[in-house]
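Please find below a short note on the model under review.

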Amino acid sequence: MELDQLKEMWDDVGSKEKGPSADELQALLQKKSKSPIAKMKRNLFMELLFILVLYVLTVAYYFLNFSGGMLSLAWMLIVIGVLYLLYYRQKRKLLNRMECVSCEVKSNLSMQLRVLEKYVKFYMWVGTLLFPVVFIASGVIVLLYSPDTTADPVTRERFFIWVFLAVMIVFAAVLTVPVYFLNKWYVRKLYGQHIERLKKIVDEMNEDQVER
């Protein structure tokens, strides 16, 4: 069985007398682990393309149709997009390192897997918490700078502004709950299930090593 062979190679990594060659270990390990890593890399790239298209079109729309304070919406999206690109770069680099199974695989793979889990949890929580912030900020920007609202004197009254802000906060709080569960499902679909597969392989190899 390939998994039994992989466990034996895992135990022998670093052994000068009977250790497998890097090429042999890489070829065998990738049969079991490259598929989930490759799927995560593909999902990450598809997600990047979707976000780039969506953000570029939205930002272009605001710059072409609005001016003044309404452009704050476009700049807010640009900042979020840049932060996502930084996150994408770090996760991509980590996934690339995890495919290099000859790079001290026994000591590094488990650690890299834990780091990847932290990246994914961070992504899920930031995506969830960012929703109410963007929702409320967008509403305030529209209220203060949209030509439709600025033309109405009622919207300039302090009482109306505070009521509007309170309503936005309530709506954001209520909508954040389904957003959390949707985001949790989305992140697990793209990354979580593949991380679980990798963890199972690593755990089985470590358990077999302890038994020996």
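1. The structure is a predicted model, and the remarks here should be read accordingly.

2. The largest nonpolar core comprises 23 residues. Within this core, the residues with the most contacts are M40, Y84, L95, M98, L116 and Y191. At least two of its residues come from each of helix 2 (22-65), helix 3 (71-99), helix 4 (105-145) and helix 6. Another core, of nine residues, lies apart from it and includes V59, M70, A74 and L77.

3. When its neighbours within four places in sequence are set aside, L116 is in contact with M40, K91, L94, L95, M98 and I195. Of these partners, M40, L95 and M98 are themselves listed among the residues with the most contacts inside the largest core.

4. K41 is situated in helix 2. Is this lysine buried or exposed? K41 counts as buried, because its relative accessibility is 12% and the cut-off for burial is under 20%. Its contacts, leaving aside neighbours within four places in sequence, are with R92, L95, N96 and E99.

5. On the surface, a nonpolar patch is formed by F159, V163, V167, F171 and L175. Together these residues have about 470 Å² of accessible area. One of them, V167, belongs to helix 6 (residues 158-211). V167 is classed as partly exposed because its relative accessible area is 38%, a value between the 20% and 50% limits.

How values were computed. Residues are numbered from 1 along each chain as its sequence is written. This is a predicted model: local features need pLDDT of at least 70, side-chain atom pairs count only at pLDDT 80 or more; totals for chains, interfaces and linings use all residues. Side-chain values use heavy atoms; hydrogens and water are left out. Patches are made of residues with over 30% relative accessible area and no salt bridge: like charges are joined within 9 Å, nonpolar side chains (Val, Leu, Ile, Met, Phe, Trp, Tyr) within 5 Å. Accessible areas come from the Shrake-Rupley method with a 1.4 Å probe; for residues, only the protein chains shown count as cover. A salt bridge is a side-chain nitrogen of Lys or Arg within 4 Å of a carboxyl oxygen of Asp or Glu. Helices (H or I, at least four residues) and strands (E, at least two) are DSSP runs, numbered from the N terminus. Buried means under 20% relative accessible area, exposed over 50%, partly exposed in between (1.4 Å probe, protein chains only). A nonpolar core is a set of buried Ala, Val, Leu, Ile, Met, Phe, Trp, Tyr and Cys residues joined through side-chain atoms within 4.5 Å. Contact means heavy atoms within 4.5 Å.
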